Amino acid sequence: MKKQLLNNFKQGIVYHGLRITSVVNGLEQNMRLVLFIVSILIAYGSLFPFQFVMTDFQGTDILSWLFTFNQRTTRGDILGNILLFLPLGFFGALGIASYERTKRHWLTFLLIGVGVFYAILLQALQLFLPSRIASSLDAVANLIGLLLGIVVVKIMATKKVSQWYSSEQVSLKISIPVMLCACWLGFHWFPFIPSLTWAQIEFSLRPLYHWHLLSPFLLADKFIAWSLFWFFIDKAFPFPILNRYRWGLLLLILFFQLVFVRNLMDLNVLFAAILSIIFINQVRRIRIDYCVVILLVWLFARGWYPFALSDNVQDFNLTPFSIFLSGSMWMNSYLLFENLFCYGAFCYFCFIWLRDWGWVALISFFSLLIIEFGQMWFIHDTAELTDPLIILFLSYGFSQLILSHPSSSKTIVTSV
């Protein structure tokens, strides 16, 4: 009897050891590809439109540029460069989070070193792009974004946080909800520059006086978005969130929105946020397959709103991110946060329902492609390939994060 128990115990150790090893190896492989895709996107955004002009630079000129930090730059560029490298640090740290401590530290230093080299290389290549202004300050901003991404994962991987969630793989368990909540807050708080002046507060409150701006469609649109936000908040926290804490969190979000520059309060957003808390229990009862259908209809409606047909059929822009990179970086970054949140939420629910990243990718990509083609016949919209590619990347990245979690194969969700 004792011998049988000892054999069972040894087999259990071997099984769990192999299972943990497979999780680590799977996570490493999955994050390696995600990290490669993020690196390509960063290079694409930094070097677009790739119209290089060879210039005769002396070595001393490049060294002088590298160690000069008084180049002209804007707050929008600084924020953009921080956000550009934040995913690199986040996914890089996530890929090494399962290693033992010593190896993890060495790989973290390696990640920082490679990140710094990559940032300087991209800025140096911009010296040969007449349409871009190379700045060593941008490389510093890239480094800050890289470090912020690493710090977020380090916080999620601490023992205290692991105890809260009763899991050794917290960074995998909550990474998607945390990212999506951050995107929704980024949409409301961008550009994250505080201004504690009455002029700023009065400017932010001004739209609340215009009741004619209330729209049934926008109210429904923001209600769905806020309901999704509360869903992901519940997923990100280790304990149930009572409604009184939701009210407090909502007030905190609105307060920061008031004091961040260039932010405007919106009646539709305000009423939708309130209604989303009031009806949260009813929303929770919706089945997961119904949620996917509702979100799909929501994406189509958002893509074609205000449903005004154009007299002429517009062209379809096949160059990814061309409009984003050639327009106002400030406004485009603001809208990117909202799109990442909406598309990411759809991918998350699709994968929880279907459990197959291939089907999720097909449904997501072709749905967005149909939306973009439809925009050729609507005014106020520009048909392009950017959004289908974004949702394709999100569907793959999220599926790999979910599949890498040890309990992913046992998780079955039937309702919100």
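The following legends describe an overview and several close-up views of a predicted model.

**Figure 1. Overview of the protein chain.** The secondary structure of this predicted model consists of 17 helices and zero strands. The protein chain has 416 residues, of which 45% count as buried. When contacts between residues at least 6 apart in sequence are considered, 84% of them join residues at least 24 apart. The chain exposes about 22,200 Å², and 69% of this area is supplied by carbon and sulfur atoms.

**Figure 2. Close-up of the largest nonpolar core.** This core comprises 91 residues, and the members that touch the most others are F91, W226, F229, F232, F341 and F349. Helix α15 gives the most to the core, contributing 13 residues. Another core, of six residues, lies apart from it; among its members are F316, F365, L369 and A383.

**Figure 3. Surroundings of F91.** Residues up to four places away in sequence are not counted in this view. On that basis, F91 touches M31, V34, L35 and V38, and also M179 and L401. F91 is also one of the residues that touch the most other members of the largest nonpolar core.

Figure 4. Helix α15 spans residues 329-354 and includes E338. With a relative accessible area of 8%, E338 is buried, because this value is under the 20% limit. The side chain of E338 forms a polar contact with the side chain of R302, at 2.9 Å. Neighbours within four places in sequence aside, the residues in contact with E338 are F187, K222 and R302.

Figure 5. S227 belongs to helix α9, which covers residues 216-236. The relative accessibility of S227 is 14%, so the residue counts as buried under the 20% limit. Not counting residues up to four places away in sequence, S227 touches S276 and V283. A273 is 46 residues from S227 along the chain, and the C-alpha atoms of these two residues are separated by 8.0 Å.

**Figure 6. Nonpolar patch on the surface.** Four residues, L309, V313, F373 and W377, form this patch, and together they have about 430 Å² of accessible area. L309 is located in the loop between α13 (288-304) and α14 (322-326). The relative accessible area of L309 is 62%, which is over the 50% limit, and the residue is therefore exposed.

Notes. Residues are numbered from 1 along each chain as its sequence is written. This is a predicted model: local features need pLDDT of at least 70, side-chain atom pairs count only at pLDDT 80 or more; totals for chains, interfaces and linings use all residues. Side-chain values use heavy atoms; hydrogens and water are left out. Helices (H or I, at least four residues) and strands (E, at least two) are DSSP runs, numbered from the N terminus. Buried means under 20% relative accessible area, exposed over 50%, partly exposed in between (1.4 Å probe, protein chains only). A polar contact is a pair of N or O atoms within 3.5 Å; within protein, one must be able to donate a hydrogen and the other to accept it, and residues adjacent in sequence count only if both atoms are side-chain atoms. Contact means heavy atoms within 4.5 Å. A nonpolar core is a set of buried Ala, Val, Leu, Ile, Met, Phe, Trp, Tyr and Cys residues joined through side-chain atoms within 4.5 Å. Patches are made of residues with over 30% relative accessible area and no salt bridge: like charges are joined within 9 Å, nonpolar side chains (Val, Leu, Ile, Met, Phe, Trp, Tyr) within 5 Å. Accessible areas come from the Shrake-Rupley method with a 1.4 Å probe; for residues, only the protein chains shown count as cover. A salt bridge is a side-chain nitrogen of Lys or Arg within 4 Å of a carboxyl oxygen of Asp or Glu.
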